[in-house]
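Hi everyone, thanks for coming. Take a moment to look at the sequence and the model, and then I'll walk you through them.

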Amino acid sequence: MRREVFAVLALLALSCAVPAQPLRDLAAARGIRVGAAVAPGYFSEQPYADTLAREFNQAQPENAMKFGLIHPARDTYNWTDADAIAAFAAAHGQALRGHTLVWHNQVPAWLANGGFDSTRMAAILQDHIRTVVGRYAGRVYAWDVVNEAFNNDGTLRGTLWYDTPGIGLSGTGYIEQALRWTRDADPGAKLFYNDYSAEGSNTKSDAIYAMARDFKARGVPLDGIGLQMHFTTSTPSLASMEANIRRLTDLGLEVQITELDVRLPVDASGVASAANLAAQAKIYGDVTALCLKFPLCTAIQTWGFTDRHSWIPSSFAGYGAGLEFDASYQPKPAYDAMAASFKTAPPVIAAGALTNAASYAADAVSPGEIAVLFGATWGPASLQLAPVSGLRLLFDGTPATLIYARVGQASVVVPFSVAGRSSTQLQYEYNGVASNAVAVPLRAAVPGIFTLDSSGHGPGAVLDSAYRVISRDNPARRGDVLQVFATGGGALAADSKLAAPVSATIGGVDCPVQYAGAAPGLIAGAVQVNLAVPAGVPSGEQPLSIAVGGAASQPGVTVVVQ
Ligand code: G3I
C-alpha cells in the first residue's frame, strides 16, 4: 500500500515538473517554430535530451556546422556532430536550421593561414557550400548562409570572405554569390542572412535592409533575415523592433528570431536576482508577442535553452542565466512568459490575405464567394473540417460559414449579406481573442474557376454531361454540355441562379450558357456553369473563361477539346 502511495506521489511530482503544454505545441498553434541551438555533446545528459525533445520543434547546431568544425582540414569533413543533431531532429520531429556557411569566426587554420588568393578562396567557398549544403539537402530547411557581415556603423566587416583577401567580389557581391551557390546546392532550402545588434531600427539594420531590398529587387535568392537578439535587460524598444520587422516583412521576407538570450548579472553560483528574472521574462514574453504580430515572423529560437549550457558565462564575466530553463532544467519565468504570449497574443491578419478559393485572386471578394484567408497567426495546429472549435471569421460582425481551417489557412463562405456594400471589415477570432480588422474590397462578382490541381492554373474542374472529369483521356466533345465549377458568382436570384448575366468561352469561342447558379449538392457559394461546346471550338488544350456581369474568371484555366 505504502509503496503505491509513493509511486503515485513520485508520478505527481514528475508531472508537476513537466509543463502542461510544451512550447512546441503552443508554437504549432501559432504556425511558427520554437527552436534552440544545440550541442550534441549534451545529448547523453538525459534531462537535456528530454527537455529538447519535449519543448522544441526546431533545432540548430550551435557550433557543429561552422566551417572550422565541419571542414577542419582542406580535404577533410567531419560530419559526426552535425549528423548527430540531424538525427536527433529527425527522430523528434524537429525542423533543422543550418548555421552557418559564411562567417569570419571559427574558420580553420588551414584556411585562415593558407595564403590563398581570391580565385582560390572563391573555389574553396563554392566547394564547401556545395558539399555541406548538398549533404543536408532536404534535411536542413533553412540556412544562415551569411552571418554577421556588417559592422555596427553599417559598413561591411573586413573578413576573409569579403576583402582579406575575399572571393573577388566588391560590396555585398560576395553575400549574393554565397546565396546563389547555396540555392544551387539545395533549391528547397530557405536562405537567411543573420546578424546581431540589428533588431531595432539603427544604422546597421538600415544597411541590412538596403541590401535585402536590393537583393529582392534583383531576384537574388534571399528568403529571410535572422535577428539574433542577444540581449541584456536593456533592449531596443519594442516599437523600433516592430518597425524593423515590418519593413523587412513588407519586402516579402521572412524574419526569424535566431539566437535569443537575455543575460543577467549572477552571483558566484550563477543565480540571478528575482527582479532581473522578472525583467528577463517580460522581454521573452514581449519578443514572442512581437513575432506573433507578423505572419512572416516564422520562428523563435533561443541560443541554447538551459542555463546549464550557455555561451554567456564564458564570454561575459559575471553574467549568465540568459535562457528559459534554469541549470536544473526547470522552466523559469521567461518560459512562462513565452507560453503566456503563445496562449494570449491576438491573432493578426494582413490586408490582401483573403483570396478566392479557386483563383487565389486577392484584390476583392464577392457575396457568397468561397474564400481562403492565409496567414492568420493562430488556429488549430492541424487541418480541421468545420465545425472548427473556437474559430470565427466575421464580416462586418457577421460570422461566416467555415469550411476548414488550420493555423495560417482558413476557408470560409463570404456571407451573402454583404451584397451591395463596397467593402467589408474582416476579423478573425480564435479562442475568444479577436484579431485586427482589415477592410476587404467587395465586388458584385469575382469569378474564379476551380482547377484540378487546386493551383488556380491549368486544367479546370470540368465534368462532361455524364459526370466524367474532362482530361486528355476524356476530352470535351463538341455538342456536349459541360459543367464548370467555380465560385465568386455573386448574388443568387430566388431560383438559385446567378443574379447577373453569365457568358463563357472556350478557345475564344462563345459557348451558350444553359445554367449558371448554385451547384446542387455542394456548399452554398459553389457555382456551376453548364455550357454547350459549339462546333467552332478548336481542338486541344484551350483557354476556358466565364464572365459574370462582365467580370471575367482568372486567365490560365484550360479545358481539353477533342
Ligand atoms: O571545441 C573546443 C574544445 O575542444 C576546447 O577544449 C575549448 C576550449 O576553449 O574550446 C572549444 O571550442 C569552443 C566552441 O565554442 C565550442 O564550445 C570555442 O573555444 C568557443 O570560441 C566557441 O564559442 C562559440 C562562439 O560562437 C564562437 O564565436 C559559442 O559556443 C557559440 O555559442 C557562439 O555562437 C555565436 C553564433 O554562432 C553567431 N552569433 C553569436 C553567437 C554567440 O557568440
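First, some housekeeping. This is a predicted model, so local features need pLDDT of at least 70 and side-chain atom pairs count only at pLDDT 80 or more, while totals for chains, interfaces and linings use all residues. Residues are numbered from 1 along each chain as its sequence is written, and side-chain values use heavy atoms, with hydrogens and water left out.

Now the overall view. The C-alpha trace spans about 85 × 70 × 50 Å along its principal axes. The chain has 13 helices and 31 strands; these are DSSP runs numbered from the N terminus, with helices (H or I) of at least four residues and strands (E) of at least two. Of the 562 residues, 52% count as buried, meaning under 20% relative accessible area with a 1.4 Å probe, protein chains only.

The chain is divided into domain 1 (2-344), domain 2 (354-441) and domain 3 (448-561), with bounds from an automatic or database domain assignment. Let's look at the first two. Their C-alpha centres, those of domain 1 and domain 2, lie 34 Å apart. Ten residues from domain 1 and seven residues from domain 2 take part in the contact, where contact means heavy atoms within 4.5 Å.

How much area do domain 1 and domain 2 bury between them? The answer is about 640 Å², 56% of it on carbon and sulfur atoms. Buried area here is the accessible area (1.4 Å probe) that two parts lose on being put together, summed over both. On the domain 1 side, Ala 29, Arg 30 and Pro 295 lose the most area to domain 2, together 57% of what that side buries.

Between domain 1 and domain 2 there are zero salt bridges; a salt bridge would be a side-chain nitrogen of Lys or Arg within 4 Å of a carboxyl oxygen of Asp or Glu.

Finally, find Thr 258, in strand S8 (residues 254-262). Is Thr 258 buried or exposed? Thr 258 has a relative accessible area of 1%, so it counts as buried. Leaving out residues up to four places away in sequence, Thr 258 touches Arg 97, Asp 144, Asn 194, Gly 226, Leu 227, Gln 228, Gln 301 and Trp 303.

How values were computed
Buried < 20%, exposed > 50% of the residue type's maximum accessible area, 1.4 Å probe, protein only.
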